[in-house]
Amino acid sequence: MADTQEIIAKLFPQATFEEGDILTVEIPDSQWHDLAETLRDNGELSFDFLMTIVGMDWVEKMGCIYYLTSTKYNKRIAVKVATEDRVNPALTSIADLWHIAGIYEREVYDFFGIIFINNPDMRRLFLSIDWKGYPLRKDYDASPETNPVPEDNERQSDFTQVYTRDADGKIECKEERIFAENDFVVNIGPQHPATHGVLRFRTAVDGETIKKIDVYMGYIHRGIEKICENLTYPQTLHFMDRLDYFSAHPYHHCLCMTIEEAAGIEISRRAQVIRVMMDELSRIASHCLFIGTFCMDLGATTMLFYALRVREQILDIMDKTCGARMTFNYECIGGVMQDLAPDFVEDVKALLKIIPQNLKEYDKLFTGNVITKNRMEGVGVLGREEAISWGVTGPSGRASGWACDVRKTTPYSIYPELDFEEVIRHEGDSMARFKVRMGEIEQSARILEQLVDNIPEGEYCVKVPKVIKLPVGHWFRTVEGCRGTFGVYLESDGTVNPYRLKLATPSLPAAAVVDSLTRGDKIADLITIGGSLDYIVPDIDR
Amino acid sequence: MPYEAWKDNEYIESLVKELQDNGANVVVGSFDKLINWGRSNSIWPLTFATSCCGIEFVSLGAARYDMARFGWEVARSSPRQADFIMVAGTIVHRMAPVLRRLYDQLAEPKYVIACGACAVSGGPFKKSYHVVMGVDKIIPVDVYLPGCPPRPEAMIYAIMQLSRKIKVEKFFGGVNRQEKQEEFLKNHPIPGVED
Ligand code: SF4
């Protein structure tokens with residue numbers, strides 16, 4: 001850590017540092033772009049993965065916190081950039097350095113109204129162009145009269161804004177076309193069976209070939225981050241079920257872990273084991289559903305029934321223990337809500353017995369199929385560098401040869417003790433993304449095998465204070481969700497509610513990458529590529 | 001669930017009573033019966049899922065809950081071929097006009113099931129700035145189905161209630177949803193659009 005700090009301090013004397021588990025650098029906006037470039041390109045630093053941009057409103061100033069990771073040295077750093085101007089807040093864009101930054105900056109603009117100079121596409125992301133105000137600002141007027149439910153169709157624009165700074169520092173706004181003037185634009189979604197939920201692609205096509213896709217989000221933007229700011233910590237938990245509803249357990253795990261660490265709560269080993277087992281069970285269930293829906297996209301409808309058979313068995317296990325088939329709300333601060341059901345061990349063993357058979361069956365039915373191979377092999381190839389720059393984590397990132405499994409890179413809970421492999425492939429195509437998931441089912445089963453007979457005795461939930469108050473500070477924790485790295489940024493001002501809760505989800509980059517991944521491919525491939533990236537729309541929109 | 005409880009539905013009873021009070025022509029009445037028998041056993045849903053509840057709807061279609069037993073499995077992707085929308089999931093501001101348009105595109109007679117707490121009333125997102133607090137603010141709803149998400153069994157129950165409703169409707173000169181829709185549009189005008 002120290003040498004990172006030294007290098008930065010030497011090059012940027014204005015930077016101030018804050019030590020913590022993650023080194024936080026604060027830098028004036030004028031030097032931010034240079035620092036970002038150094039962080040990325042300096043061989044001794046190589047922070048090449050932009051994990052998230054957290055927009056912040058500290059009332060007296062506004063700004064962003066950028067979380068960066070070095071995939072080479074496996075280190076993390078946070079950079080704080082702020083502005084005191086509340087009327088026309090502006091920061092410098094880093095969209096030219098990281099592909100994904102463009103989208104993240106649009107999100108910050110949408111929520112806080114901070115303009116990013118030089119971002120090539122400075123539109124709102126989730127809210128409509130006629131939306132009044134910036135909802136995550138602390139002074140936002142939330143009364144329903146400000147923004148009533150629209151009754152007429154949303155106003156659309158073919159233009160986007162680009163802000164630049166001229167020689168004497170004045171900000172200028174230019175309108176630019178999203179598509180070229182004569183482009184033929186086809187609208188796919190939001191209500192379309194192949195978009196996996198309410199996502200919309202505005203697709204410019206040349207015959208059958210895709211020229212450009214404008215991914216249009218926000219059809220299920222529920223404003224969870226804002227709601228959480230008015231809730232107590234235990235109340236915020238249940239929203240984690242409703243983002244990526246297949247990763248309910250890992251997401252819960254992440255937020256619980258963050259709060260427990262902030263509050264200094266140590267949980268029992270039994271609870272740790274139960275949490276990890278639930279995580280892995282949901283990973284299997286999630287990948288099963290992926291296989292089902294993905295095959296259905298390709299026209300192999302029967303596969304859905306095969307895959308859901310295993311999923312139903314897992315849901316039964318969860319139903320017995322957690323009392324629900326979905327939206328479990330099982331992990332709580334201090335451990336888990338209830339103890340395991342009496343026949344949990346037996347059920348898991350029965351499940352483990354059938355998984356290898358089932359995988360073999362899927363392979364026989366689908367993987368070797370000629371049509372499958374033609375549609376998936378060599379289609380939608382995402383290279384390793386691209387994957388990192390776009391921030392595509394999880395199985396999709398690992399299919400591009402990027403070892404990004406949080407369980408290995410920044411282990412949490414009891415993962416360091418477990419014996420499992422990180423499934424990595426190097427082809428980067430749809431087929432690889434499919435096969436990585438198949439492989440991960442096997443690995444998750446392996447983890448379960450190691451744990452199922454070794455669930456320690458003890459309490460499943462430690463005693464925690466009735467009212468949970470966190471000390472002043474900020475924390476950023478990640479876990480490996482079923483679709484990739486899920487991060488929680490929590491800032492506390494010492495009260496019972498979070499001051500800011502930012503959820504960095506893996507599906508947003510996965511949806512953002514669709515544009516660059518499909519360019520030049522046929523429109524039919526959009527379906528397979530989109531399916532293989534396996535994004536969950538409420539997870540994108542939050 | 002006891003059988004009596006299943007039948008305990010005041011709304012449908014009032015429909016039956018209305019039917020009995022008004023009486024029907026013997027010929028038309030028997031045609032009604034025949035057509036309604038067919039309609040109520042083949043209600044086709046529109047594939048419409050915005051979030052979590054939609055996944056339970058997928059489970060409903062799979063082998064375990066198998067809605068094909070009741071003739072509901074023909075999920076259509078085009079609203080013009082569907083009989084009802086199962087609004088499975090949260091509806092937010094940006095989605096509201098889209099849902100309204102889908103509803104308008106459904107062929108008559110059409111029905112709506114508000115599935116899940118979100119569609120009924122906004123559910124866990126009651127305090128959100130971007131969520132529509134219940135789809136009945138934008139389209140008329142026939143069956144409300146609470147739950148977060150409702151279990152597939154509950155969904156079966158809800159669609160069964162809908163099919164009961166269809167059975168006691170008068171088809172000829174009866175299911176004039178057209179009129180109802182006009183009424184609805186009158187109460188919820190869309191500026192700039194003449195219906
Ligand atoms: S009712 Fe619950 S499960 Fe259904 S969409 Fe809303 S939050 Fe999700």
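Select A:Glu312 and B:Arg64 and show their side chains, which meet in a salt bridge at 2.7 Å from N to O; the term stands for a side-chain nitrogen of Lys or Arg within 4 Å of a carboxyl oxygen of Asp or Glu. Side chains of opposite charge can pair when their charged atoms come close. Between chain B and chain A the count of salt bridges is four. This is a predicted model, in which local features need pLDDT of at least 70 and side-chain atom pairs count only at pLDDT 80 or more, while totals for chains, interfaces and linings use all residues; side-chain values use heavy atoms, with hydrogens and water left out. Residues are numbered from 1 along each chain as its sequence is written, and chains are lettered from A and ligands numbered from 1 in the order in which they are written.

Now widen the selection to the whole interface, where 43 residues of chain B and 49 residues of chain A take part in the contact, contact meaning heavy atoms within 4.5 Å. The area buried between the two chains is about 3,900 Å², with 63% of it given by carbon and sulfur atoms; buried area is the accessible area, taken with a 1.4 Å probe, that two parts lose on being put together, summed over both. Across this interface, 13 residue pairs, with both residues at pLDDT 80 or more, are in polar contact (a pair of N or O atoms within 3.5 Å; within protein, one must be able to donate a hydrogen and the other to accept it, and residues adjacent in sequence count only if both atoms are side-chain atoms). On chain B, colour helix H4 (52-61) and helix H5 (96-105), each of which supplies at least two residues of the side that touches chain A. The largest share of that side, six residues, comes from H4(B). Helices (H or I, at least four residues) and strands (E, at least two) are DSSP runs, numbered from the N terminus.

Next, select the ligand, which lies between chains A and B. Which residues come nearest to the ligand? Of the 14 residues around it, these are B:Cys52, B:Cys53, B:Ala117, B:Cys118 and B:Cys148, where near means that a heavy atom of the residue lies within 4 Å. H4 and helix H6 (117-121) of chain B are the elements that give two or more residues to this shell.

From B:Cys148, step along to B:Pro149: the peptide bond joining them is cis, with omega near -10 degrees. B:Pro149 sits in the loop between strand S4 (143-145) and helix H7 (152-167) of chain B.

Then move to A:Ser413, a residue other than glycine whose phi is positive, near 50 degrees. Its place is the loop between helix H13 (406-409) and helix H14 (430-452) of chain A. Most residues other than glycine have a negative phi, and most peptide bonds are trans.

Finally, colour by pLDDT, the predictor's confidence in each residue, from 0 to 100. Chain A has a mean of 85, and 100% of its residues reach 70 or more, whereas chain B averages 78, with 80% of the residues scoring at least 70. In chain B, confidence is lowest in helix H8 (residues 177-187), at a mean of 60, and highest in strand S3 (residues 111-115), at 88. Where pLDDT is low, the predicted coordinates should not be read in detail. For the complex, the predictor gives an ipTM of 0.82 and a pTM of 0.85.
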